[in-house]
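Visitor: I have a few minutes and a new model to look at. Can you walk me through it?
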Amino acid sequence: MDVTEALGTGTVRRMLAEQTIEVPSWAYGNSGTRFKVFSQSGVPRDPYEKIADAAQVHRYTGAAPRVSLHIPWDRVGDFADLRRHAEDLGVAIGVINSNVFQDDDYMLGSLCHPDPAVRRKAVAHHLECLDVMRATGSGALKIWLPDGLNYPGQDDLRARQERLADALAQIYAALDPDQRILLEYKLFEPAFYAMDIPDWGTALLHCMALGEQADVVLDTGHHAPGTNIEFIVAQLLRVGRLGAFDFNSRFYADDDLMVGAADPFQLFRIMNEIVAADALRPGSGVNFMLDQCHNIEPKIPAQIRSVMNVQEATAKALLVDRAALHDAQQAGDVLGAHGVLMDAYSTDVRPLLAQVRLDKGLDPDPVAAFAASGYARRAAAERVGGGQAGWGA
Ligand code: PSV
Ligand code: MN
């Protein structure tokens, strides 16, 4: 489709203007691989400064009004105060992430651990996270577990599923009516023989057993190479259980590289399923989140770039001529149908998104506007001793 034509279509512009993307607090601290954590100047020294950095992403994109927290990395004395700080900066606290992967007690797992005392400790941590949600106004608890096995025979695969179901049910029973659980899966790492929630099917089975307040999180990095992720998106949307995305890049296989940098076509295919199922609308129940840390690139611009990459994929998905696609599909016109998708994907949507930003009173080029603001220079001068994002890597 011609972009000038799309510029004229109010619906596309409105949907782009309304789209929001949640950023993670852990994107702004130093991070690295297990070989080296590189230090950058000006990184935040505490959760307040992480939120200040996240607010910059929203300030220049107008599309990132929420920040996810990770507990205990973002533990503060007064969460209501942290909430006020966020609101003063124009953002809200988003999803609360539990963390049961950094305590010696969890070496053999957390909610699946063979020792009931360790499982009780892990459940209690999740109940603490529910209190953090109450204090911060967050609506969702995201659970990702490091649980799994490195060796066949190390523990009983089926018994671990029973322990998991039981522990999740205890957490679920403590939810308020307006709180929900987002359950994340990951094929590998830190365990490499069997993860206890390795795939969307396992996550979905547990969510279905729990009830309506539990949905699946799809982290784009957590699959085998070549996995058709948009199929999983379509399937979870069909049954109303796609709760959120953790967007990042499969090149790293986890939460580090910018989404869409490695495979913008895959991101387009994912967003195409979202648009086709009318799941882009605010209120559809799908939270579009970034789960990234940036090892070698400057962090705030990398988050801005990631937000823009999601927006570009979304704009292209909105430009798909759905009627023409349907007609071609019905007629069995294989190449015609494929061509409709590729036409949208090949459209340069940057002028359209520049216009959406201008409509909001923003600079059409968020990366340049942030660079010109001098924020990074000031942070480097003022913040001495900023820390790691959270883990030793
Ligand atoms: C695990 O790899 C994960 O994707 C989970 O979402 C964690 O909370 C996050 O990364 C930590 O960065
Ligand atoms: Mn994730």
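Guide: Start with contacts. Among those in the chain between residues at least 6 apart in sequence, 80% join residues at least 24 apart. Keep in mind that this is a predicted model.

Visitor: How many helices and strands does the chain have?
Guide: There are 15 helices and 10 strands.

Visitor: What is the radius of gyration, and what would a compact globule have?
Guide: The chain has 21 Å. A compact globule of 393 residues would have a value near 21 Å, so the two agree. The C-alpha trace spans about 60 × 60 × 40 Å along its principal axes.

Visitor: What share of the residues counts as buried?
Guide: Of the 393 residues, 54% do. As for the surface, the chain exposes about 16600 Å². Carbon and sulfur atoms supply 54% of that area.

Visitor: Now the metal. Which residues coordinate the manganese ion (ligand 2)?
Guide: Glu184 (OE), Asp219 (OD), Asp246 (OD) and Asp291 (OD), at 2.1 to 2.2 Å. Along the chain, the donors follow the spacing E-x34-D-x26-D-x44-D.

Visitor: Where do aspartate 219 and aspartate 246 lie?
Guide: Aspartate 219 is in strand β8 (residues 214-219), and aspartate 246 is in strand β9 (residues 242-247). The pair therefore ties together parts that are 27 residues apart in sequence.

Visitor: Are aspartate 219 and aspartate 246 buried or exposed?
Guide: Both aspartate 219 and aspartate 246 are buried.

Visitor: And what is the geometry of the site of the manganese ion (ligand 2)?
Guide: Octahedral. The manganese ion (ligand 2) has 6 donor atoms, with angles of 72 to 168 degrees among them.

Note on methods. Residues are numbered from 1 along each chain as its sequence is written. Chains are lettered from A and ligands numbered from 1 in the order in which they are written. This is a predicted model: local features need pLDDT of at least 70, side-chain atom pairs count only at pLDDT 80 or more; totals for chains, interfaces and linings use all residues. Side-chain values use heavy atoms; hydrogens and water are left out. Donors are N, O and S atoms within 2.8 Å of the metal (3.2 Å for Na, K and Ca); water is not among the atoms, so sites may look incomplete. Four donors count as tetrahedral if all angles lie between 85 and 135 degrees; four count as square planar and six as octahedral if opposite donors are over 155 degrees apart and all others between 65 and 115; anything else is irregular. Helices (H or I, at least four residues) and strands (E, at least two) are DSSP runs, numbered from the N terminus. Buried means under 20% relative accessible area, exposed over 50%, partly exposed in between (1.4 Å probe, protein chains only). The radius of gyration is taken over C-alpha atoms; the globule rule is 2.2 Å times the number of residues to the power 0.38. Contact means heavy atoms within 4.5 Å. Accessible areas come from the Shrake-Rupley method with a 1.4 Å probe; for residues, only the protein chains shown count as cover.
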